[in-house]
Amino acid sequence: MKYNTSNQQGMYSNGSNGYNGNNGYRNNKPGGFGGRINKTDDANFGSALQAVAWENHTLSDFKKDFYCPHTNVLNRPYPEVERYRESKDIMIKGIADAFLNPIQFFEEGNFPEYVASCIKKMGFDFPTAIQAQGWPIALSGKNMVGIAQTGSGKTLAYILPAVIHIRNQPRVQRGDGPIALVLAPTRELAQQIQTVASQFGGQCGQRSVAIFGGAPKGPQARDLERGVEIVIATPGRLIDFLTRGTINLRRCTYLVLDEADRMLDMGFEPQIRKIMHQIRPDRQVLMWSATWPKEVKALAEDFLQDYVQVNIGSLELAANHNIIQIVDVCEEGDKQSKLNTLLEEIGTQKLEKTIIFVETKKKVESIANGLKRVGWPAVCIHGDKSQNERDYVLRDFRRGKSLILVATDVAARGLDVEDVMYVINYDFPNSSEDYIHRIGRTGRSTASGTAYTFFTSANQKQARDLVAVLAEAKQSVSNELQAMTRFSGGGSGYARGGFRNGKFNKRTDNKFGGGSRFNAGFQRNSTMYGQKPSTFRRFD
């Protein structure tokens, strides 16, 4: 049995596990890839998709090392390299070769003209830390794990090498699968990745498509059947198409797992493992994550051999230090009035783009409608919105037509909107990891931003982690919040006081826990959005 990428890009012949054999993609027998799946039963989802027995196939060679290091990179003294890494908070594990030293300037990348011209057109000044260190590793064909905060430039860190990798493979024909596959947790992130892929891959005729749930399958399927070089996919929709035989992965030699920690949090690990077994084992794999929990590490150990790990910043739970974090320890019933007061101050001179994170879909709608009724330019997004609705809302928000976005955690990761100045956690998320990703919607790249959080007794179990995040980022921690870390009980007895001598003391002030200036002197032009602040409606 032959797997041949130079002849029809790797079509299989007959065989028990081949793509056109007894368990092939296009038969409709039980166990084949053409059977129906029940998407409502997560345990059985993708059960018809059988792993390919790659040991029974002869794999054709393919090229994946395209890196030609610049003389400046090769000749840079080691102490200078280490000073650069230290200044950018870069830690690296797995290599010590000089030719994989970081690229400090775009000119040192020795990129082909079709890539260099795109970089110049985009107007970038310098590579980000993850790009500077990641590009030499990825372009050398090595497996890589990149740990970096959101907004660090990681998308371009893997798309640029993908474009070069694809350019050096045989052309994709109709019916072939993609050469590069990017797995992402959400449709918003998938769409944003495709934008970058189109900007750079489009210059040399590379086609890309984003496939995700919540949108019609027909247009996505037609794009796949015409042949594309890059597929950006959420795991569920990809398995659906694999099972139906709409797509195959026999030509995939460049695989990216973006926001791997988020995908595992969302329960995608079984789907990811099924997908990995559809791809030849000598593929190049790049895994990206904002955190490094044991589950992500286990996935890397299982599917990445001899990988290089690049950490930007500490592996501990850490927030972007460009973000001012302000925490208000309050009662649940005070949140609505506090939100009004906070928006009043934010909008005193000029309202900037603001994202308000809320726990439930119903509450998202309620808060957004309440804000609109009193004149705030608010829109909302959550998982029950159709794709057209979500696209419309995000387009208005990006363009600044609507400056307030109320959202569930669907927007916490992968939502890359420029110049978001404020994030408000109306409801605290279920974990500190999600908190970090939420506030990471502001302070993108080298920009600064401010995050406000309403923290109640219901969130008490996260107090210790939150304080650790604040302390690591050198943010102020109020006595009220600190007291919650010492109180091991729970329940609704915590009002707005500190814990002293075995009991809670009522607060005599009303300041934000992170050292706020936000409860004095709130002024706003009462005609700015049509009604006075006193008429702001409470939303239940």
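Some ground rules. Residues are numbered from 1 along each chain as its sequence is written, and side-chain values use heavy atoms, with hydrogens and water left out. Because the model is predicted, local features need pLDDT of at least 70, side-chain atom pairs count only at pLDDT 80 or more, and totals for chains, interfaces and linings use all residues.

Helices (H or I, at least four residues) and strands (E, at least two) are DSSP runs, numbered from the N terminus.

Two strands pair if DSSP finds at least two bridges between them.

Strand 5, residues 180-183, pairs with strand 8, residues 254-257. The sense is parallel, over 4 bridges. Ala180 stands opposite Tyr254 in strand 8.

Next, a helix on strands. Axes are lines fitted to C-alpha atoms, for helices over the stretch in contact, and angles run from 0 to 180 degrees between N-to-C directions.

On to helix pairs. The axes of helix 15 (residues 432-439) and helix 16 (residues 463-472) come within 9 Å and cross at roughly 45°. That makes helix 15 oblique to helix 16. The cut-offs: under 35 degrees is roughly parallel, over 145 roughly antiparallel, 65 to 115 roughly perpendicular, and the rest oblique.

Who meets whom? Ser432, Tyr435 and Ile436 in helix 15 meet Asp465, Leu466, Val469 and Leu470 in helix 16. Contact means heavy atoms within 4.5 Å. By class, that contact has 5 nonpolar, 1 polar and 1 charged residues. Here Ala, Val, Leu, Ile, Met, Phe, Trp, Tyr, Cys and Pro count as nonpolar, Asp, Glu, Lys and Arg as charged, and the others, Gly among them, as polar.

Last pair. Helix 16 packs on helix 17 (residues 479-486) at about 130°, axes 8 Å apart. These two are therefore oblique to each other. From helix 16, Ala463, Arg464, Leu466, Val467 and Leu470 meet Leu481, Gln482, Met484 and Thr485 in helix 17. That contact divides into 6 nonpolar, 2 polar and 1 charged.
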